[in-house]
Amino acid sequence: MAALIETPLVMACSGWDAYRLLDSGAGRKYEAFGPYAFIRPEPQAMWQPRLADWPAAGEFIPGSDEDGGGRWQFTDNLPDEGWELAWNAVRFTAKPTPFRHLQFFPDMAPVWDWMRQCASPRGGGDLGQQMLKPPEAPAFAGAHEFLNLFGYTGLGTLALSQHGRVTHVDASKKSVAQARQNAALSGMAERPIRWLTDDAARFTAREVRRGRRYDGIILDPPKFGRGPEGEVWRLEEGLPGLIADCARLLDARSRFLFLTVYAVRMSSLAIAGLLDEALSALPGTIEHGDLAVREEGEGGRLLPTAIFARWSNPR
Ligand SMILES: C[S@@+](CC[C@H](N)C(=O)[O-])C[C@H]1O[C@@H](n2cnc3c(N)ncnc32)[C@H](O)[C@@H]1O
């Protein structure tokens, strides 16, 4: 039976070439996405900024509605087609979107590291503490099967594709197309990846009926979303059933499940409890806590971005 570790962890992204948190405070954050700096709203940055000045290529001005809306104001001419960034061997295009993101979520970088450690042959044990980087060459031998639900522009999928076959599921045709472009940009277009435009919950239920199994599952569900046929996704209502179905796709030889939740008033203990219940028949460990980004400069403040719960099985 999987053991639940009650004490929360922090998985902190310390910034790399493509992304740095330069400063934060007074409800905003100041970040560099490669060569361009941007200012975005950040309600959790309640402290004061360290820097006097935030010169930026653009700022996202939020709408009056707490849950969305708003628009970018640009001071620099940015390339229309976006610009190329990289995480290890994964190359991708960054570009401001109307949803205030830049086509990737940099706070996921420690998650990609963790999954790869779980997936690699020497994976297992206290994976969060090891920073072993697997070699960049793909190792399809023994072909593990991974599932990335709500996969967006595919960075997690491409990171995992080094260790086996990946099924990438997202409801948005545009996101899947962008993910495929990122695969091509990374020279990974020929990797064994199934790119599916589908509703995550319906697809997972179908996989259960087909008797499929996976070695690892990552899911990053939004608070609210819609499937391609208009299926409605509401996190609080849909998550228990989806996690139960994910559990049916795993067995004692599987290696991990990683769940992130953001923009919802919920503790990581709640989603850890959900995994604890759903994965009770499996061995391994369940951990939980915050994803965060570490600010540059003196003090290196931690800005929380999401909560997570993860299951790993050293086997
Ligand atoms: C936060 S993004 C995931 C980010 C991604 N994991 C990453 O790190 O880049 C949420 C994604 O869920 C997708 N989505 C929303 N509702 C969905 C549904 N019902 N089924 C599948 N995907 C859905 C959206 O299109 C969006 O790409």
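Is Phe146 buried or exposed? Phe146 counts as buried, at 0% relative accessibility. Keep in mind that this is a predicted model.

**Trp72 and Phe74**
- The ring centres of Trp72 and Phe74 sit 5.6 Å apart with planes at 10°, and planes under 30 degrees apart count as stacked, so this pair is stacked.
- Trp72 is buried, at 12% relative accessible area, whereas Phe74 is partly exposed, at 42%.

**Phe146 and Phe256**
- Phe146 and Phe256 also make a stacked pair, because their ring centres are 5.8 Å apart and their planes meet at 25°.
- Phe146 belongs to strand β10 (residues 144-149) and Phe256 to strand β16 (residues 256-261), so the pair ties together parts 110 residues apart in sequence.
- Phe256 is buried too, with a relative accessible area of 0%.

**The ring cluster**
- Ring pairs join a set of aromatics into a cluster, and among its members are Trp16, Tyr19, Phe38, Trp72, Phe74 and Phe104.

**Strands around Phe38 and Phe74**
- Strand β5 (residues 36-41) and strand β6 (residues 58-62) run parallel, joined by 2 bridges.
- Opposite Phe38 stands Gly58 of β6.
- β6 also pairs with strand β7 (residues 70-74), this time antiparallel, over 5 bridges.
- Gly58 turns up here as well: its bridge partner in β7 is Phe74, one of the cluster residues, as is Phe38.

Key:
Residues numbered from 1 in each chain as written. Predicted model: local features only at pLDDT ≥ 70, side-chain atom pairs only at ≥ 80, totals over all residues. Heavy atoms only, no water. Phe/Tyr/Trp six-rings, centres within 6.5 Å; stacked < 30°, edge-to-face > 60°. Buried < 20%, exposed > 50% of the residue type's maximum accessible area, 1.4 Å probe, protein only. Helix = DSSP H or I, 4+ residues; strand = E, 2+ residues; numbered from the N terminus. Pairing = 2+ DSSP bridges.
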